Amino acid sequence: MNERARDAADRCPGVFSTHEAADGALARIRLPGGRIEPAQLAQLAQAADAHADGYLEITVRGNLQLRGITDVAAVADAVVGAGLAPSATHDKVRNIEVSPLTGRIGGVADARPLASALDDALRADPATTALSGRFLFGIDDGRGDIVVRRPDACAVIRSGAPESRESLSADIAVGGQPVGSATGTDDIVAALQRIAFGLADVRPGAWRVADLGVDDRRRLEDLVAAGLGPVVGPDDPAGVVEGAGLAPADPIVGWFDQDDGAVLLGAVVELGRLPARLAEFIAAVEAPVIFTPDREILICDLSEGVAETVVRVLAPMGLIFDANSPWARLSCCVGAPGCASAHAPVREDLLRRVAQGEPVDDREHWVGCERRCGSPPTGHLSVQATPDDGYERHRR
């Protein structure tokens with residue numbers, strides 16, 4: 001049985017309701033699809049430098065968060081001013097993961113218009129304010145990189161042109177399992193919302209599909225499937241469509257040629273923490289930026305000359321463009337002393353592990369306690385601190 005009771009209130013942080021961590025207030029900024037414009041990134045960097053610890057942390061959902069905030073109101077004003085919190089009431093419901101390369105490299109169709117339509121619908125509906133800040137939507141452009149992460153409600157595009165709202169066809173998945181298909185942007189969005197509202201009907205108080213027991217999950221799947229057509233895609237919900245591009249497990253780190261001839265640069269930073277000064281330099285490139293659920297930073301739509309300059313200037317500043325770097329496969333929670341629950345200074349220990357030069361052959365996530373904050377939903381090696389100053393390793 002997976003069923004878990006949720007007696008405590010959902011305290012997932014946002015912009016207007018921060019979390020009081022041991023190192024100060026923490027604010028999380030939702031970026032649907034991980035997308036952010038250069039001017040917005042610059043404003044967040046300035047807020048992090050002036051009112052927080054000087055870093056932008058990349059989360060496991062491709063969002064950003066600021067830690068150690070000294071002036072919560074000033075940070076909220078900066079986020080609102082940047083256009084990154086369009087609604088105080090719907091701040092925490094905009095949890096939408098989107099295939100990071102969609103519309104630029106591979107994929108069945110550009111998933112961005114569908115993601116925008118979903119975001120618009122969520123913000124327009126007063127009922128969505130009741131959703132948990134942990135409930136996750138996904139838009140997969142057919143390559144299998146998002147559905148494999150088992151979002152609560154996911155659309156996997158199977159055919160159609162993005163410019164035509166009527167021709168788009170997608171499988172609808174509940175917790176990663178396809179239960180039917182929908183055609184047309186409006187019907188696809190409605191099906192995703194039906195999963196969210198159905199969760200509350202089936203199990204009041206549940207935060208996510210994973211909280212459901214077997215019987216309740218079957219009820220939810222049946223409720224959603226009742227308004228859908230048959231599943232279009234393969235039995236494997238993460239089956240990669242031929243010609244869709246990179247496999248879901250490939251790091252998006254390095255130099256990539258976009259389908260339109262432009263260049264996309266993928267990079268990572270140590271510990272998934274982007275220094276404010278480096279963020280300002282990235283913003284100065286004046287190109288679209290995407291933060292991925294694997295904590296990568298994509299700088300898009302570049303000419304070859306600009307891309308070469310970006311690598312030459314930003315690599316010495318700490319932006320890592322090497323897919324073989326250990327930081328392309330390592331992540332961690334904040335650990336002690338930033339988190340009062342942590343049993344160890346996880347960041348320091350992970351930096352020491354990298355400095356020792358041991359090979360990193362698998363994706364690893366280091367955590368300070370049994371809550372395992374920030375853990376990838378896909379297979380990885382979990383390195384968990386124990387109360388006796390040690391670490392336990394488990395394959396998840």
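**Reading backbone features in a predicted model**

Guide: Leucine 271 lies in the loop between strands β12 (263-267) and β13 (273-275); strands (E, at least two residues) and helices (H or I, at least four) are DSSP runs numbered from the N terminus. The model is predicted, so local features need pLDDT of at least 70 and side-chain atom pairs pLDDT 80 or more, while totals for chains, interfaces and linings use all residues. Residues are numbered from 1 along each chain as its sequence is written, and side-chain values use heavy atoms, without hydrogens or water.

Visitor: What is the phi of leucine 271, a residue other than glycine?

Guide: Most residues other than glycine have a negative phi. In leucine 271 phi is positive, near 60 degrees.

Visitor: Is leucine 271 buried or exposed?

Guide: Leucine 271 is buried, at 12% relative accessible area (buried is under 20%, exposed over 50%, partly exposed in between; 1.4 Å probe, protein chains only). Arginine 150, in the loop between β7 (137-140) and β8 (153-159), also has a positive phi, about 55 degrees. Arginine 150 is partly exposed, at 44% relative accessibility.

Visitor: Which peptide bond is cis?

Guide: Most peptide bonds are trans. The bond from alanine 336 to proline 337 is cis, with omega near 0 degrees. Proline 337 sits in the loop between β16 (330-332) and α8 (346-355).

Visitor: In what order do the four strands of the open sheet stand?

Guide: The order is β16-β17-β18-β19, with mixed pairing (two strands pair if DSSP finds at least two bridges between them). β16 and β19 (391-395) are at the edges with a single partner strand each, so one side of each has no neighbour in the sheet. Strands β17 (364-367) and β18 (381-385) run parallel, joined by four bridges. Tryptophan 366 has valine 383 of β18 as its bridge partner.
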